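Please go through these notes with the model open beside you.

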Amino acid sequence: MGVREQLVQAGVELLERDGLAAMSQRQIADRAGVSHGAPRHHFQTYSNLLAAIAREGVTDLDALIAGALTDPDPRQALMDTCREVIAFAIARPAMFELIARHDLLDGAGGRLRSITGQWLVLLTARIQSARPDTDHRHGLALWAGVQGLGIMLGRRSAEAIASQPIDPDAVLIILIAGVLGEV
């Protein structure tokens with residue numbers, strides 16, 4: 001494994017252990033066992049390093065989404081996809097939040113938007129296969145709801161505002177029914 005890959009792997013480990021706010025280039029270099037100058041040598045900016053770290057999570061989530069969208073029943077495919085996204089957000093909350101931070105990652109390389117933007121296209125297509133009179137706004141509404149729910153569950157902030165335990169499936173059913181015009 002080269003130094004670049006060591007830095008990315010160390011960044012993934014630190015991100016998932018300590019979160020984005022607690023992470024620095026120096027800590028990543030220490031964790032990778034390389035010089036403190038190595039991140040600057042291999043990545044033009046800290047944002048480029050964060051984009052490389054995020055790409056690991058994007059690749060993992062992309063595989064989950066692609067697998068979940070295969071069900072021939074559009075409603076089931078949407079439910080399976082949303083469940084995978086929520087499970088990822090709960091299991092890897094810091095990575096999920098980094099993936100959502102286009103303000104940090106935009107322009108940092110890695111073509112992340114080309115992958116994450118495709119998720120919206122795929123969700124919208126599945127929604128349209130169930131309800132042809134929909135458009136990209138329906139996919140965006142579903143993605144916003146799922147992303148928000150994922151972040152809340154990953155941070156455990158939903159527990160602070162809910163009077164009872166959150167059942168992600170129950171919320172997802174409502175979100176999907178809403179974008180399909182069934183509510």
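1. R75 and E182 form a salt bridge, with their closest N and O atoms 2.6 Å apart. The term covers a side-chain nitrogen of Lys or Arg within 4 Å of a carboxyl oxygen of Asp or Glu. This pair links distant parts of the chain: R75 sits in helix α5 (residues 74-91), E182 in the segment after α11 (168-179), 107 residues apart. Helices here are DSSP runs (H or I, at least four residues), numbered from the N terminus. R75 is partly exposed at 38% relative accessibility. E182 is also partly exposed, at 44%. The classes are buried under 20% relative accessible area, exposed over 50%, and partly exposed in between (1.4 Å probe, protein chains only).

2. A word on the basis. This is a predicted model, where local features need pLDDT of at least 70 and side-chain atom pairs count only at pLDDT 80 or more, while totals for chains, interfaces and linings use all residues. Residues are numbered from 1 along each chain as its sequence is written, and side-chain values use heavy atoms, leaving out hydrogens and water.

3. How many salt bridges does the structure hold? The count is 10. One of them joins R17 to D18, at 2.7 Å from N to O. R17 is exposed, at 52% relative accessible area. D18 is partly exposed at 35%.

4. R131 and D133 make another salt bridge, with the closest N and O atoms 2.8 Å apart. D133 is exposed at 54% relative accessible area. R131 is partly exposed at 23%. Look also at E16, D60 and R92, which are linked in a salt-bridge network.

5. Now the aromatics. Rings of Phe, Tyr and Trp (its six-membered ring) pair if their centres lie within 6.5 Å; planes under 30 degrees apart are stacked, over 60 edge-to-face, the rest tilted. That rule gives two aromatic pairs. In the pair W119 and W143, the ring centres are 5.7 Å apart and the planes meet at 50°, so the pair is tilted. W119 belongs to helix α8 (residues 112-130) and W143 to helix α9 (residues 136-155), 24 residues apart, so this pair links distant parts of the chain. W119 is buried, with 2% relative accessible area. W143 is buried too, at 15%.

6. Which residues line the largest pocket? They are F96, I99, A100, H102, R113, T116, G117, W119, L120, L140, W143 and Q147. A pocket is an open set of points on a 1 Å grid where a 1.4 Å probe fits, with protein on both sides within 12 Å along at least five of seven lines; lining residues have an atom within 4 Å of a point. The elements giving two or more lining residues are α6 (93-100), α8 and α9. Helix α8 gives the most, with five.

7. The volume of the largest pocket is about 200 Å³, taken as the space filled by probe spheres set on the points. Its lining has seven nonpolar, four polar and one charged residues. Ala, Val, Leu, Ile, Met, Phe, Trp, Tyr, Cys and Pro count as nonpolar, Asp, Glu, Lys and Arg as charged, and the others as polar, Gly among them.

8. Last, helix α4 (residues 46-68). Its 23 residues should span 33 Å at 1.5 Å a residue, and the end C-alpha atoms are 33 Å apart, which agrees. The expected span is 1.5 Å times one less than the number of residues. Buried residues of α4 include N48, L49, L50, G57, V58, L61 and I65.
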